[in-house]
Amino acid sequence: MTRAFTPDSLAEALKILRDPTVVPVAGCTDLLVVDHATGRRHDAVLDLSRLTALRGIRVADGHLDIGAGCTFTELRQSPEVQRLAPSLAQVAGTIGAWQIQNRATLGGNIANASPAGDSLPVLLALGATLELASAEGVRSLVYEQFHVGYRRTALTPGELIVRVRLPLPTRHTYTAVKKVGTREAQAISKVIVAIHAEVDGGRLSGVRLGAGSVAAVPVRLRQVEAVLEGRHIDASLADAAARAARAEVSPIDDVRSTAQYRAFALGQVVATMVREGQPRG
Amino acid sequence: MNDVIRCTVNGRPLEYQGSPMDRLLDVLRESWRLTGTKEGCGEGECGACTVLVDGDPVCACLVPVFQVDGRTVRTIEGLLHGERLDPVQAAFIDEGGVQCGACTPGMVLSARALLDRNPDPSREEIRDALAGNLCRCTGYEGIYRAVVKALQAEDAGGAR
């Protein structure tokens, strides 16, 4: 029978996780799907869902500091996330539906490392940093360096994502996220894009674009960023960004979509996001 | 480590001694014989297995039973007040929100959880709260009418 560990503290959890047969679990919204479909059994599991060190959302040291164990409902409803990382609050509302959002966690979305994980492009665009911990100690990792291959991450054995830190916005910060899927809820994305930029007098700077479902990992669209950086927003810039986006990615055909559609949709979404960065009035 | 799992289900203390990773859905149906909760997809996509854990709607097919230790669980069976239907249940019947009934327990619980939090939801808020519950029969309009009828009944001081 599977052994279940329910440690009271993060320190205790990390000690237990030295044993590589122990699987840390939180919302289980990906894990149990696979277990049930494949008959997979675990020797041992460790419950992260009650560890207070993984919860809480606060502003600290000039950053928005989010516990990796926070659920998407918590992100969606948090006044701090709504105010300081609105694209993260928005994308939280597109993940599954209420039942999933009540259980699925930000850390789980990251660690599960699906190419279609909806929060992942937002974290790329916002320039997130991860706080990681193991029995050996703690370290920070720029989120961009976390995904090293298809469903492979930079986590070392026994290491957990503990906190996710986001820089605070300025009064010029423009962020957005757009997800293309079959339905408004309960849809895995065909394409998902997130943008972060400073927009001052209609001019873009500090542009970062994260995209999901167009590669084996969530990716920065660096060529699109280069097209946009320092430029004034207008229709021709939006079109140029769309062309660059379509050329930059090599998506695949799969059950949800085709490479051709994904590239097309990516271009459309990028163009829309550029146009919508234009301040009104 | 592994202990007996103890929780409160529909107001009653219940125990489970099987594998901690057994799905709450299976424990409800097979061990506790509360078969009102249905399995539609086993993937958390359809909401037929929706139950309320500490008041929050979750898919029971995605909850390992050991994580409900010490928590309260409410299933569709827990909505009855003796012989009296919950206003949401009554409204579903009145407004044609029930056809084959497969989605109904989960749908009713999501609606109940919505009205417990938000006594005056907009149509968009109703749709968002029920977005995790798929129905293949009704086309949803009867369901939305039922939720509106239930909230009107509760506004008017209807019994709960």
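1. Basis. This is a predicted model in which local features need pLDDT of at least 70 and side-chain atom pairs count only at pLDDT 80 or more, while totals for chains, interfaces and linings use all residues. Residues are numbered from 1 along each chain as its sequence is written, chains are lettered from A and ligands numbered from 1 in the order in which they are written, and side-chain values use heavy atoms, with hydrogens and water left out.

2. Extent of the interface. Contact (heavy atoms within 4.5 Å) involves 38 residues of chain B and 31 residues of chain A. The area buried between the two chains is about 2700 Å², and carbon and sulfur atoms give 59% of that area. Buried area here is the accessible area (1.4 Å probe) that two parts lose on being put together, summed over both.

3. The rule finds one salt bridge between chain B and chain A; a salt bridge is a side-chain nitrogen of Lys or Arg within 4 Å of a carboxyl oxygen of Asp or Glu. B:D128 and A:R76 form a salt bridge, with 3.1 Å between the closest N and O atoms.

4. The chain B side. β4 (56–59), α3 (104–117) and α4 (123–129) of chain B each supply at least two residues of the side that touches chain A. Helices (H or I, at least four residues) and strands (E, at least two) are DSSP runs, numbered from the N terminus. By class, this side of chain B has 17 nonpolar, 12 polar and nine charged residues. Ala, Val, Leu, Ile, Met, Phe, Trp, Tyr, Cys and Pro count as nonpolar, Asp, Glu, Lys and Arg as charged, and the others, Gly among them, as polar.

5. A:N102. This residue lies in the loop between α6 (98–101) and α7 (106–112) of chain A. A:N102 counts as buried because its relative accessibility is 12%; buried means under 20% relative accessible area, exposed over 50%, and partly exposed in between (1.4 Å probe, protein chains only). The side chain of A:N102 makes a polar contact with the side chain of A:T73 (2.7 Å) and reaches the backbone oxygen of B:P57 at 2.7 Å. Residues that A:N102 touches include A:T71, B:D56 and B:V58.

6. Helix α1 of chain B. In this helix (residues 24–31), B:L24, B:L25, B:V27 and B:L28 are buried. Their cover includes β1 (5–9), β2 (12–16) and β3 (50–53) of chain B. Just after the helix, B:R33 takes a positive phi of about 55 degrees.

7. Positive phi in chain A. A:C28, which is not a glycine, has a positive phi of about 65 degrees. A:C28 lies in the loop between β2 (22–25) and α2 (31–38) of chain A and is buried, at 6% relative accessibility. A:R151, also other than glycine, has a positive phi near 55 degrees. A:R151 sits in the loop between β8 (147–149) and β9 (152–153) of chain A and is partly exposed, with a relative accessible area of 41%.

Technical notes. A polar contact is a pair of N or O atoms within 3.5 Å; within protein, one must be able to donate a hydrogen and the other to accept it, and residues adjacent in sequence count only if both atoms are side-chain atoms. Lists of a residue's contacts leave out its neighbours within four places in sequence.
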